[in-house]
Each structure stands twice: as C-alpha cells, then as structure tokens.
Amino acid sequence: MAASAAAAAAVSQALRDRDVLDAVGTSAAVLSLAGSSFIVLCYLLFRELRKFSFKLVYFLAVSDMFCSLFTIMEGLSNAFYCFAHDYSAHFFCVASFLWTTTIAFTLHRTVVKHKTDVEEFGSIFHLYVWGTSLATTVLRSIGSDYGRPGTWCWIQQGSMGKVLHLVTFYLPLWGAILYNGYTYFQVNRMINNATRMAVGISDRSIQSDVKADKKAFNRWGYYPLILIGSWAFATINRVHDFANPGHKIFWLSILDVGFAGLMGLFNSIAYGLNSSVRRAIAERLDMYLPERFKRSLPTLTRFKSQQENELTSLIVDASNT
C-alpha cells in the first residue's frame, strides 16, 4: 500500500510539473509569436522596409514565428502528428539562429571587408539556412519512435537519441553563437579603429559620422548575447540530462523552456525594432491619426527626423556606393 501511494504521488507530482512547464513554455512562445508576427506584418505593410538587409530580418522573424507557433501547438496522442509537430518546430528553430549568422555575415562583409556585393548572396543564404535546417531535422528523426517521452515528444530516452539531439541542434546553435561573436568582434574593432583615426581629423562631419556608427554598433555588438541568453539554460539542462539520466532539475527546466521560448521576442526587439521600423510606424501614425492624438505622442516628431544609424541603413548605403 505504501509503495503504491508513493508511486501515485510521484506520478501526480510529475504531471503537475509537466503542466507548469507547458504553461511557462506556451506563455513565452506566445510572446515570441506576437513579436515576430509584428515584424513580419511591418515588412509586408511598409514598402520602404523591403531592402535586402531588412529582408534577412524578415526571414528571421518568419522562422521565429513558425518556431513559436509549433511550440504552442499541443501534440495529440497520434504518433505521426507528434513527429510532424516536432519535426516542424526543430526545423524552424534551427533556421532562426542560422538566419542570425547571415545578418552577421552581411554586416562583416560590408563593414570589415568593404564589399558591396552582399545582395548576390541571397540565394546562397536560402540554400544554407533551409538546407541545413532540413538536413539536421532529418538526421534528428533517424531512429525516432515518435512517442511522447518529454516536452519534445520525439526525443529518445536512449543515449543515441540524446547525442543526436546535441549534434543536430546544439552544435549548430553554438556554432552560430561563436560565429556571430567573432564577426561582431571584428566589426567593433573596425569601428574602434575608425574612431581613433577620426580624433585626429578636423572634419567635424567625419567625426560625427564615426560617432553615429559607433553608437549603432555598440548596440548591435550585444546581439550575439541573445542566442546565449535564450539557450544557455537549455544547453546546461541537456548536458545535465545526458550526464545524469533520470534526474531532472525542475527549476532548470523552467529556465530552459522559458528563455528558449522567448528567443523570437528577443530577436524581434533587437533585430526588428530599429529606427527604420519605428520611423515607418511613426509616419503612418502621423498620416492617419487625428491631430488631437498626435499632440499626445511627441515622439512622432522625433522619429520623423531621426537619422538612420543602425545596420539596415549602413548596409544599404554601403551597397549603393
């Protein structure tokens, strides 16, 4: 009797923990879905945003949107649905952080290498992102029993399944983190050198331009931390699970699903809500809002006159020289 009661209590606690994790993961994914959908909507509505640099942000937002959507969707007991659901979630989540590497590559090639041919890489970017995402997803599905043993319903309990998950998801993830960190370091070093050179130049316009670029890149330099912040706890959780199978840390699992689910929101704020988007929104508000509402939004004037200092304009301007 005592053993049965203990087993029943353990099962009940596991179900409660699962409900909490599902609630945290779904709530985070809903926020990411809203943020990424907003960026997609802005790209579709505002023609002036449809430049190459922001097109990369658009595809990043599309990937985040579907990654969040499939994360929100509850898997049914049907094994095939379970496989299709997580197959899609894996595909778009991998595509999301791969798109950040294309943005980093574009920035590095434009600023550090002084190349103006970035638009020629559009087709290569698509092949790289979608092809790599498909390859890792197919490889991850090999040997899957399509069951529901965990939050990702087709993760295997055996060591081979865990190794495949680490190789096909976390290896590309941390590869993207390292690459983004390296490229942003190179770009920041280039801007620092330009800043030091501008100090000895009497031309105030050159000094002003360099300071503006430096201010923009100081912000963009922190963007590799988005992937780290989103997936650090998930990585620690996977490594712990691999080293100590069957010994879950509940609070670590909460941080895992919570921060990973917020990746789309972080990306939409960092990559999407730049001055070009804010100005496009401000112009539409200024065009259609009644005058009495405009007076209560003094930032409209500031956004209309704000000079473009972020990645989008820098890449576009360099491409047109």
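The paragraphs below lead through one predicted protein model, from its overall confidence to a few of its residues.

Residues are numbered from 1 along each chain as its sequence is written, and side-chain values use heavy atoms, with hydrogens and water left out. Because the model is predicted, local features need a pLDDT of at least 70 and side-chain atom pairs count only at pLDDT 80 or more, while totals for chains, interfaces and linings use all residues. The term pLDDT stands for the predictor's confidence in each residue, from 0 to 100. The protein chain averages a pLDDT of 77, and 68% of the residues score at least 70. Where pLDDT is low, the predicted coordinates should not be read in detail.

The UniProt record, an unreviewed entry, carries the annotation "transmembrane region" for several stretches, including residues 87-112 and 249-273; its positions are given in the numbering used here, feature names are shortened, and annotations may be inferred rather than shown by experiment. In the model, residues 87-112 are 96% helix and 0% strand, with the end C-alpha atoms 37 Å apart. Residues 249-273 are 88% helix and 0% strand, and their end C-alpha atoms are 35 Å apart.

The structure holds one disulfide, a term used for a pair of cysteine sulfur atoms within 2.5 Å. It is formed by C67 and C93, whose sulfur atoms are 1.9 Å apart. The pair links distant parts of the chain, since C67 lies in helix α2 (residues 52-72) and C93 in helix α3 (residues 79-111), 26 residues apart. The torsion about the S-S bond is about 60°, so the disulfide is right-handed. C67 has a relative accessible area of 6% and is therefore buried, and C93, at 2%, also counts as buried; buried means under 20% relative accessible area, exposed over 50%, and partly exposed in between, with a 1.4 Å probe and protein chains only.

C93 is also one of the residues in contact with F169, along with H90, V94, F97 and W231, when neighbours within four places in sequence are left aside; contact means heavy atoms within 4.5 Å. F169 lies in helix α5 (residues 159-199) and counts as buried, at 1% relative accessibility.

Helix α2 also holds D64, which is buried at 2% relative accessibility. Not counting residues up to four places away in sequence, D64 touches S36, S96, M263, G264 and N267. The side chains of D64 and N267 are joined by a polar contact of 3.1 Å, that is, a pair of N or O atoms within 3.5 Å, where within protein one must be able to donate a hydrogen and the other to accept it, and residues adjacent in sequence count only if both atoms are side-chain atoms.

Finally, there are the aromatic rings. Rings of Phe, Tyr and Trp (its six-membered ring) pair if their centres lie within 6.5 Å, with planes under 30 degrees apart counted as stacked, over 60 as edge-to-face and the rest as tilted. By this rule the count comes to 20 aromatic pairs. Y43 and Y58 form a stacked pair, 4.2 Å centre to centre with 20° between the planes.

Note on methods: Helices (H or I, at least four residues) and strands (E, at least two) are DSSP runs, numbered from the N terminus.
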